[in-house]
Amino acid sequence: MKKIIIFDTTLRDGEQSPGASMDIKAKIEIAKQLARLGVDVIESGFPVASDSDFKAVKEVASLVKGPLICGLARAKKEDIDICAKAVVPAKKPRIHVFLATSEIHMKYKLKKAEDEILKQAAYFVKYARNFCDDVEFSPEDASRSDIDFLCRVVEAVIKAGAKTINIPDTVGYAIPLEFGNLIRTIKTKVPNSNKAIISVHCHNDLGLAVSNSLSAIQNGAEQIECTINGIGERAGNASLEEIVMGLKTREDMFKCATSIKTEELYKTSRLVSKLTGIVVQPNKAIVGRNAFSHEAGIHQDGMLKKRTTYEIMKPEDVGFGGTRLVLGKHSGKHAFKERLKKLGVDLSDEDLVKAFERFKNLADKKKEVFDEDLLTIVEDEIVSVPEVYRITGFEYRSGKDIEPRTTVELKKGNAVKKESSSGDGPVDACYKAIEKITGLKFKLLDYSLKAATGGRDALGEVSVRVASTNGVEVSGRGASTDIVEASAKAYVNAVNKFLFTKQRKPTQTP
Ligand code: KIV
Ligand code: ZN
């Protein structure tokens, strides 16, 4: 069976989702999970964009074993020099060079003629080959480029040493039949196309990223660029889990395989959602909360008689195991650590101590502690950004005919500050108290609350998305059996992310 190379760009294009900035620790954690998932290539960032992007790519290249590690660079000397330095620690490094080839980009963005673009592309692919044997080239906005010119560029860069040619549908404009034909044309018209892997990179502006990618596979594409949960610039990229399960479930149609361990998909999705703060919609294919839930009586009846009446995939195949009772309040640290290991979570000693303390508190309040609870605790304790503010105290009162009032105590360095406020409900009062302490005012764009497991004593998970007065959007998450406390944690997490984002140099993303 033909093998499809899975190129994951969650850490690069995925990070370009509004509000999805990740620090180095979060990127390494995701990259390690992507390696466990079995992706072939990890695009870990755009090193020239900022010091922290450079460091993140370098750290991932040094620490993550298994997949090829790739960095993105414009067709420019400075970009390629910096990218080469960042990926060099990897056992299998790749430099991904891109340059736009559509008339609209060449005329208005680059202000260059076709011949100049052709020369620049070939020149910098050759230049990148001085540092790295594995060079990928992307003609940005390929799907809106003149096909004859596009073919000339592809031929020239393969001649210059590109081993992978990635055809992006940068603005998500293509439709499946058309995009499949484009890939077939490139494969048949470009005389040296058999000397390179043909890849695709589809955006989801019309909701067609996965369909376009699958159509490309049916027309000869061998590598797919995609992201976990489909996150990415604007409406996002093709979703990795949908492509992989599409290929697996309809193997009869595609006759292709990937090296993805599909049982790791759900866990990877949760981790990315937690560390980027981007919530997965409940009806999202493969990893959404409702993806394997059956509501209608007729469906439930059918399922009980024969699962395949209404299920085309097994939930266990994507790691969507039912929640299982694992530990109780008498369980020790060793059992806790072992259980986490089984769930694929390997914590540092420091994080383990914090997570274990949370587990003990939870086990005191909650009779049954499930795997889902453990994952929520761990996700909540592993902070993805430096914790400038930490909640050290919390109290509220509310009720019929009682004005809601919340008091919050926050610690910043060694200083502890306490403030109270009233509001339209305890959550509003709590956010006002946090504003008083931090001096930062945000507009609440989104607020969602969900239970991590079933049962009245479940952990509540709150996700918020906020905007600062100058329009910077960040998200935050928090979990607790007390939903007002979970709300406070989510808000403080967003404040910390905002402070972290402010510190970073502005990124010039593609
Ligand atoms: O969407 C795009 O064109 C890109 C390229 C850099 C591959 O992200
Ligand atoms: Zn892209």
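The model is a predicted one, in which local features need pLDDT of at least 70 and side-chain atom pairs count only at pLDDT 80 or more, while totals for chains, interfaces and linings use all residues. Residues are numbered from 1 along each chain as its sequence is written, chains are lettered from A and ligands numbered from 1 in the order in which they are written, and side-chain values use heavy atoms, with hydrogens and water left out.

Polar contacts (pairs of N or O atoms within 3.5 Å) connect several of these residues to the ligand. A polar side-chain atom of T170 is 2.6 Å from an oxygen atom of ligand 1. For H203 the corresponding distance to an oxygen atom of ligand 1 is 3.0 Å, and for D13 it is 3.1 Å.

D13 belongs to the loop between β2 (5–8) and α1 (24–37), and H203 to the loop between β8 (197–202) and α8 (209–218), so the pair ties together parts that are 190 residues apart in sequence. Helices (H or I, at least four residues) and strands (E, at least two) are DSSP runs numbered from the N terminus. Both D13 and H203 are buried, that is, under 20% relative accessible area with a 1.4 Å probe and protein chains only.

Eight strands form a closed barrel with parallel pairing, in the order β2-β3-β4-β5-β6-β7-β8-β9. Neighbouring strands of this sheet are turned by 25 degrees against each other on average, direction ignored. Pairing requires at least two DSSP bridges between two strands. β2 pairs in parallel with β9 over four bridges, with E225 as the bridge partner of F7, and with β3 (41–43) over two bridges, where I42 is the partner of D8. β8 and β9 (223–226) share three bridges in the parallel sense, and V200 is partnered by I224. In β2, I5 and F7 point one way and I6 and D8 the other, and all are buried.

Helix α4 (103–110) lies across β5 (93–100) and β6 (135–140), at about 85 degrees to β5. Angles run from 0 to 180 degrees between N-to-C directions of axes fitted to C-alpha atoms, for helices over the stretch in contact.

A separate topic is the open sheet of three strands, ordered β16-β17-β18 with antiparallel pairing. Its edge strands, β16 (442–451) and β18 (473–480), each pair on one side only. β16 and β17 (460–468) are joined by nine bridges, and F442 has S468 as its bridge partner. Helix α15 (371–381) lies across β17 and β18, at about 135 degrees to β18.

R270, in helix α11 (265–276), counts as buried at 9% relative accessibility. Beyond its neighbours within four places in sequence, R270 is in contact (heavy atoms within 4.5 Å) with E372, L375, T376, E379 and E461.

Note on methods: Buried < 20%, exposed > 50% of the residue type's maximum accessible area, 1.4 Å probe, protein only. Polar contact = N/O pair within 3.5 Å; in protein donor to acceptor, adjacent residues only side chain to side chain.
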